[in-house]
Amino acid sequence: MADEIKYEYKTVRTVRGTDGLVISKMQKDGWEFVEQAQGTFRSTLDFRRPKKPLPWPLIGAAAGVLVILAIVIGTASALSGGDEKKDESDKPAAAASEKPSATPTPAAAESAATEVITTRNNPEFAALLKTGDTCDEANLDFATRHKGRTVAFNGSIADMAPHGDYDTRYDFLLGPGDKGPNTAVGPSFKYEDVNIFDLRLTGKKIPATVGVGDKFRFVAEVGEFNADQCLFFLHPVSTEIR
């Protein structure tokens, strides 16, 4: 039992397609790859590595320090015991005199940061949906600064094709507006390798199938912009029929 190896563990979440790079980097740092859980857009990677044994002299010194701290804490507690009730009696008055802080709470700040981006609350996004060049640098600028944020817009399916050899997974090309395959403005938004369930269809009349030209209210997470392909990648959050 004395020679039993003890491990420390680490879990890393990656964007789909970067798993190999992350595993390679972690292995160079001495981590052993244990397990992978594949999600729709992200993977969870588990690693472990042997804990470095603590030298015995340090263990002895640490134990000595703990004993000294215990004695000091016990003595201080005994000396301050007589004043404890007095301090407790003063707390309500002190609390009553405190004024509310004007600083926003962390929850309020987080709520503001996670606001869904629309054409109404974000002029930059409104202009992006009207650009006539799908390769415009405005796409890259927006994707870089808002990656991971959520956007919502009225659009339609410009194209739809099976992903690889799959029969039930697709690549969707989306455009702003209602013109489907005839869309001539805005970025070429792409959902890659998703099935119909991944679209999270909502609304009064949810269709059994979807196709080119169908109009929706898309809510999606901002991904990356591929400047070589002029494709703006999104990840579906919800899709409401219009």
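β4 and β5 pair in the antiparallel sense over 7 bridges, where pairing calls for at least two DSSP bridges between two strands. β4 also pairs with β8, again antiparallel and over 7 bridges. Please keep in mind that this is a predicted model: local features need pLDDT of at least 70, side-chain atom pairs count only at pLDDT 80 or more, and totals for chains, interfaces and linings use all residues. Residues are numbered from 1 along each chain as its sequence is written, and side-chain values use heavy atoms, with hydrogens and water left out.

**Strands and overall make-up**

- The protein chain has 6 helices and 9 strands; these are DSSP runs numbered from the N terminus, with helices being H or I of at least four residues and strands E of at least two.
- Towards β8, T150 stands opposite E221.
- Of the 242 residues, 29% are buried (buried is under 20% relative accessible area, exposed over 50%, partly exposed in between, with a 1.4 Å probe and protein chains only).
- Among contacts (heavy atoms within 4.5 Å) between residues at least 6 apart in sequence, 59% join residues at least 24 apart.

**Nonpolar cores**

- A nonpolar core here is a set of buried Ala, Val, Leu, Ile, Met, Phe, Trp, Tyr and Cys residues joined through side-chain atoms within 4.5 Å.
- The largest one has 25 residues, and those with the most contacts inside it are F125, F142, F172, F189, Y191, F232 and L234.
- Two or more residues of this core come from each of α5, α6, β4, β5, β6, β8 and β9, and β8 gives the largest share, 5 residues.
- Leaving aside neighbours within four places in sequence, F232 touches residues including L128, F142, A143, F189, V222 and F225.
- A second, separate core of 7 residues includes V22, I23, W31 and L45.

**The disulfide**

- There is 1 disulfide in the count, a disulfide being a pair of cysteine sulfur atoms within 2.5 Å.
- C135 and C230 form this bond, with their sulfur atoms 1.7 Å apart.
- The bond links distant parts of the chain: C135 lies in the loop between α5 and α6, and C230 in the loop between β8 and β9, 95 residues apart.
- Because the torsion about the S-S bond of C135 and C230 is about 100°, the disulfide is right-handed.
- C135 counts as partly exposed at 40% relative accessibility, whereas C230 is buried at 11% relative accessible area.
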